[in-house]
Amino acid sequence: NGMLGNIASVTVDYDRPPTNFNANIQPWGAPPYETPDIWVDSEKNGWGTYRYTNSSGQPVGNGDDAWVRQLPDGSWKANRIYVRVRNTGPDPMSNVRAQVWVNDPPGLGDTGPRWNFLGTIVFPSVPGNSARQQYVNWAPTLPAHTCIRVDIENYSGETNPGDNRAQENISAFDTTASSPYKPVSLEMVVGNPLYVDMNVQYQVTGIPKRWKWKIFPRTDVIPARGEKTVHLTVYPPNPAVDKAYVQGQVFRPRVTSLMQFGDSWQPVNGVEVWTHLVYKAAINVNGRRGLEGIVAAGSLRSLQPTVAPLAGQKVAVTLWKNDPQQSYSLTRIVTTDADGRFRTAFLKLENAKWLLQASYAGDMNYQAVQTGDVELFW
């Protein structure tokens, strides 16, 4: 500091102001045991198109039903698990990393015996008070309930590192109109994360009027660090008799596990069993050799209440080589015409045994269906 005539020279020392950022992902509620920041995008109805959406067209619940199929070498990744990471502070963040896991075997909540690693998502930049989303690939092989978990890796300096984990239950089931609707069943593994035996009982809620259900067992004892299985079955009523329940409705019966702590029973985990009332549908496909290569053609139709074409629907036509040593697949998304028909062609490929399949993801009124494998020899 000093003076030069009427000019003062002043030196000011101050601490650098602290950063203010916080990476987080919305945790699942209890209930509904899901988070809006994790969802599934299936290639079956085209990337970015979802079966379950809100009024703004944004995915809700699981977004899509997972497409279950896998090539022998694991090269076909038919689903994307999207993750949304939020920064609730005003300062920007860079290179935010999130790990994605899937429960194996499928369990009730987060209590499965192990988690399989699906991949790490890197978000290069998450500006202040904003969110970014990205995905990892997923190819499940069993059509069963499971759970996806996301862990945001520790980020130095964030204001609240305790909000960096969330989970999403993957459980949605179609049931088709008959007399009555077909029952929906869900078998779940329930784990005990504690080092002592625990009494558990199961609570079923959200059952609509005149629906029936059963759960077995109703109570159990789970050994320390062990697991048990519980089975829930839901029976929607006869649609010909009970007009309150029609195609297009989605109901969410819920099963919650409660463990005994002293004199009280505390909820530990749960699952919402999305039960979707739909009409029956049928799909077929065949292939032939043509000038364009392998030509695939088929049709999609309703089976209830009368046989009718399903027009303007997206169908996934998949061709792959049946070779466990060198798998190859290609999926085309086509739209059915006014008669419910679809057609596509695959360019000339090497001589081999090929398999062809057509899959329909379903919509709010019709069930998801797919063909068996059609063998082609090129």
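I would like to start with a cluster in which ring pairs link Trp-39, Tyr-82 and Tyr-135. Rings of Phe, Tyr and Trp, the last by its six-membered ring, are taken to pair if their centres lie within 6.5 Å, and planes under 30 degrees apart count as stacked, over 60 as edge-to-face and the rest as tilted.

Please keep in mind that this is a predicted model, in which local features need pLDDT of at least 70 and side-chain atom pairs count only at pLDDT 80 or more, while totals for chains, interfaces and linings use all residues. Residues are numbered from 1 along each chain as its sequence is written, and side-chain values use heavy atoms, with hydrogens and water left out.

By the pairing rule there are nine aromatic pairs. One of them, Trp-39 with Tyr-82, is stacked, at 5.5 Å centre to centre and with 5° between the planes. This pair links distant parts of the chain, since Trp-39 belongs to strand β4 (residues 38-42) and Tyr-82 to strand β5 (residues 79-87), 43 residues apart; strands here are DSSP runs of E with at least two residues, numbered from the N terminus. Both Trp-39 and Tyr-82 are buried, meaning under 20% relative accessible area with a 1.4 Å probe and protein chains only.

Turning to Tyr-52 and Trp-274, their ring centres are 5.4 Å apart and their planes stand at 80°, so this pair is edge-to-face. Tyr-52 sits in the loop between β4 and β5, whereas Trp-274 is in strand β20 (residues 274-278), 222 residues apart, and both Tyr-52 and Trp-274 are buried.

How values were computed. Helix = DSSP H or I, 4+ residues; strand = E, 2+ residues; numbered from the N terminus. Buried < 20%, exposed > 50% of the residue type's maximum accessible area, 1.4 Å probe, protein only.
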